[in-house]
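Here is a briefing on one chain.

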Amino acid sequence: MESEYVELLPRVFSLLGDARQTVVDDTCLEKLLDCFRAITENETEFYILQRIPCLTNVIVNVSKQRDINPSILSFIMRLTGLFAASENYFVQLEDNGIMSSLFVNPTNLGTDAWEEATVRSGWLLGIQNMLRHEAVIRFLYKYGCIDEIIQLQKDPSIFVASTASQLLASILSFCLQCSTHATLGNSSKTQLTNKVTVLHSDDWSDCICAITGHIEDFLRSDITSNVQQALKLLSKVSGTMYPVAIIFLWPKIEESIKLLLKGDLTGIGQPLAELFLNVSRSFPSEVLEPTFWELLCLLLRSMNQIEALTLASGILKLKTCPQSLRMQAVTTLFQPLNYIIAVTSVQAPEDAVLLDESSFCRVDIENRLSRKSACINLLCQILSYLWELLQMPPQTTELPFQALMRSVITILQLCIGIAIPVASTVVNISRHLIGCIKVQRRGMDVLGALPQWAAGIEEVNSALAILHDYISNPDTDCTVLKKSLQALFCWMSHCIEGVNSHVLEPKLQEFLHGDFISVMKKRLFDVHWEIRDSVLEFLGQMCFQFKGVESFCQLIGSCGIPHLVLELLSDPESYVRASAITALGKMNYLSPNWQMLPNENSVTAVKGNILSYLLDILNKDTEGFARRAAIKVLADWLKNSHTLSSCELENFVPVILKIGSNDLDWEVKVHTLGLAEAFIDHVASNLSISPYAVLMSNSTGSTQVKVFLQTLCEVGMFTTLFHALWDCDRPVAQKACEILIKLKTIASGADNVEVLKSNGQKPNRESFSDWLSYSNLNLQNVNDIMEILIVLDLEIQHQHLVRSSDHIESSFRSLLEDLLAAADSEDGGADCY
């Protein structure tokens, strides 16, 4: 801690301890607590802090006042807890009577004060902060604080109640932390259920008994809220620093849990599921007793449909659990889908039934699907869970992917009226789903995630067919169309790059050579700009991904799509113009494969004008989106060095740098610097110069460096870089500084750098131009450039640029100064945001 901070603390604490002073807002106090929390974690700084008398004095002063502001009182309680986390400091505070004044019988603080939720919360959080040593436990039990914390679980303030529950969980787990003899593992299974930490006093045992007795009483209560409270408390125990405590508790609560599972689960099903899942995630399956998994299996069978889906999804995400339980979770998740397939198939194929008929059948599936809101919510929930599972690595029991594929396609068909239920009693399902955008979006997400799991010829045909139906349907919603194109891209990638590509690619070619191109052309000029934008994004992504597939290059090059994309450069919507620019940029990667195609039908005719189009957009477009896209495309071409020849580079780079560096949009300027860096790397590569290593000082290397720098001077590179170095937008200046540091490294490899003309002066943003003029330095002269690079403290400037813009304003000193300034202001508000 810097001494200047220490000097400010007495004044700040004098302010906080004075009831007559204007109180600062809670945000300042929270920030101050964060600073002290960081300080108390550093032993050296905490030692300095303990030696400051004002800290103890203000705590004593506040503990004796009865008219103190509730926010200040809460702050002092929490701060005292931070200090009391040190056992030595705790003893000092206890000897001074401070602990008793603040934390024993808190109602003695005054009825008015205790009625404030912020004070009750501060009392709880203060205890939470100090819970680091045994003396705290003895203190809490000796003065009856445990009973008060238990009562606060029913506090009308949800924040206070939640904090009380979390504190009880922390106290219990702290008391029950395992000894060196009780470790996790197969060999310790018996010890875990019979052995508790060696306690150092009877207070610890009494404290454990008080809390566990409270939990057991509430689990056996007839009041649902009491049961919920006990279950949530147990869940919190499993998520504390010592989750092994839940293993010691389980034998005590197991019978109560069994009784709960045999009764009505209304209102307690979800907290029960959360408890079981939290325990399952905390420990390997072999550590938990078999009865635990049996109870979890019973819970899954007993819950209602919606809650059971959540639990089943959680079980399937577990790394380890019994195989039978995993299969039951799969069954639970797929039952509604199985039902839908069964009632929409005229002649059910073998895979229509997803699971065995003997599996447990839920009686409320048909009832839920018959009601529109319930039907939509149920299917959206299932599809969301399935998508999450498909993003994970394969589990011990794989999902039935072929059946999943069929069910998702059936749902998507129902949404556009292709599939029709055969059972008259469930005809409402089709009515509910037709045009349902929510289900369509989630269905497309799942369909796009399936190729890597279920991608035989039959699945490919089914997927391409339903995707074609959605893409060509004029009634398809914009967001659904976007997801349909994303899913199509996933299936196309699998057909071309998957292990069975030799079998699947012909099917894709058949799809592409159908009416797909005509559909894309039509969609490019859809009345909805969102659809035009999505199609352009898809075409660009597709061209870049499949640029090495000759048949695809020929198809795109001969179909006339590039010319249509070119027309969209003048689209009235800036997002569309930007996407059209990006798409054309990626289409240019295909051009080497189109050289044998007729010019009037290929993008070769487009290529000749693309640079002038991009420069025109960069110079004249009024929207930043399009200008950013144009400069990004040009930079990308330079980085890949495949589109433009060296001659074209030198012809166009000066113009691009001049336009881009003077743009008003900071992102355009950053991308312009990216293009500049790509050009620098290109020139350095041609001269066999590494921008990342210092060259040996020899005549050949020196000559190469000067030629390199001269090339950069001729295109106006240094004018651009030094203009950007002093830019008011920090990302621009930072990028320019990084490039100049790289060039400085290269320049240091040249010999015969002239004596500095600057006389040791260090320019800044305001004086740079005058400094160049005064020192007679020219940004077009190689020797002058080398001198400037050496004179400027680029490394120090870069250190300042990479620091957060609020590194001074957010400092501890600044916060203390704000608090003091607020005391003198009329409104009492501190500038701490």
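Ser282 sits in helix H17, residues 269-282. Helices are DSSP runs of H or I with at least four residues, strands are runs of E with at least two, and both are numbered from the N terminus. This is a predicted model: local features need pLDDT of at least 70, side-chain atom pairs count only at pLDDT 80 or more, and totals for chains, interfaces and linings use all residues. Residues are numbered from 1 along each chain as its sequence is written, and side-chain values use heavy atoms, with hydrogens and water left out.

**Around Ser282**

- Ser282 has a relative accessible area of 28%, so it is partly exposed. Buried means under 20%, exposed over 50%, and partly exposed in between (1.4 Å probe, protein chains only).
- Leaving aside residues up to four places away in sequence, Ser282 touches Ser238 and Pro243. Contact means heavy atoms within 4.5 Å.
- Ser238 is 44 residues from Ser282 along the chain, and their C-alpha atoms are 7.0 Å apart.

**H34 with H36**

- The axes of H34 (residues 624-640) and H36 (residues 666-686) come within 8 Å and cross at roughly 10°. Axes are lines fitted to C-alpha atoms, for helices over the stretch in contact; angles run from 0 to 180 degrees between N-to-C directions.
- H34 and H36 are therefore roughly parallel to each other (angles under 35 degrees count as roughly parallel, over 145 as roughly antiparallel).
- The residues in contact include Arg627, Arg628 and Ile631 of H34, and Glu667, Val668 and His671 of H36.
- By class, this contact has seven nonpolar, four polar and five charged residues. Ala, Val, Leu, Ile, Met, Phe, Trp, Tyr, Cys and Pro count as nonpolar; Asp, Glu, Lys and Arg as charged; the others, Gly among them, as polar.

**H26 with H27**

- H26 (residues 457-472) packs against H27 (residues 478-497) at about 150°, with axes 10 Å apart.
- H26 and H27 are therefore roughly antiparallel to each other.
- Residues making the contact include Leu464, Leu467 and Tyr470 of H26, and Leu485, Leu488 and Trp491 of H27.
- The contact of H26 with H27 has 13 nonpolar residues, one polar and one charged.

**Chain totals**

- The chain has 43 helices and zero strands.
- Of its 833 residues, 53% count as buried.
- Among contacts between residues at least 6 apart in sequence, 74% join residues at least 24 apart.

Methods: Parallel < 35°, antiparallel > 145°, perpendicular 65-115°, else oblique.
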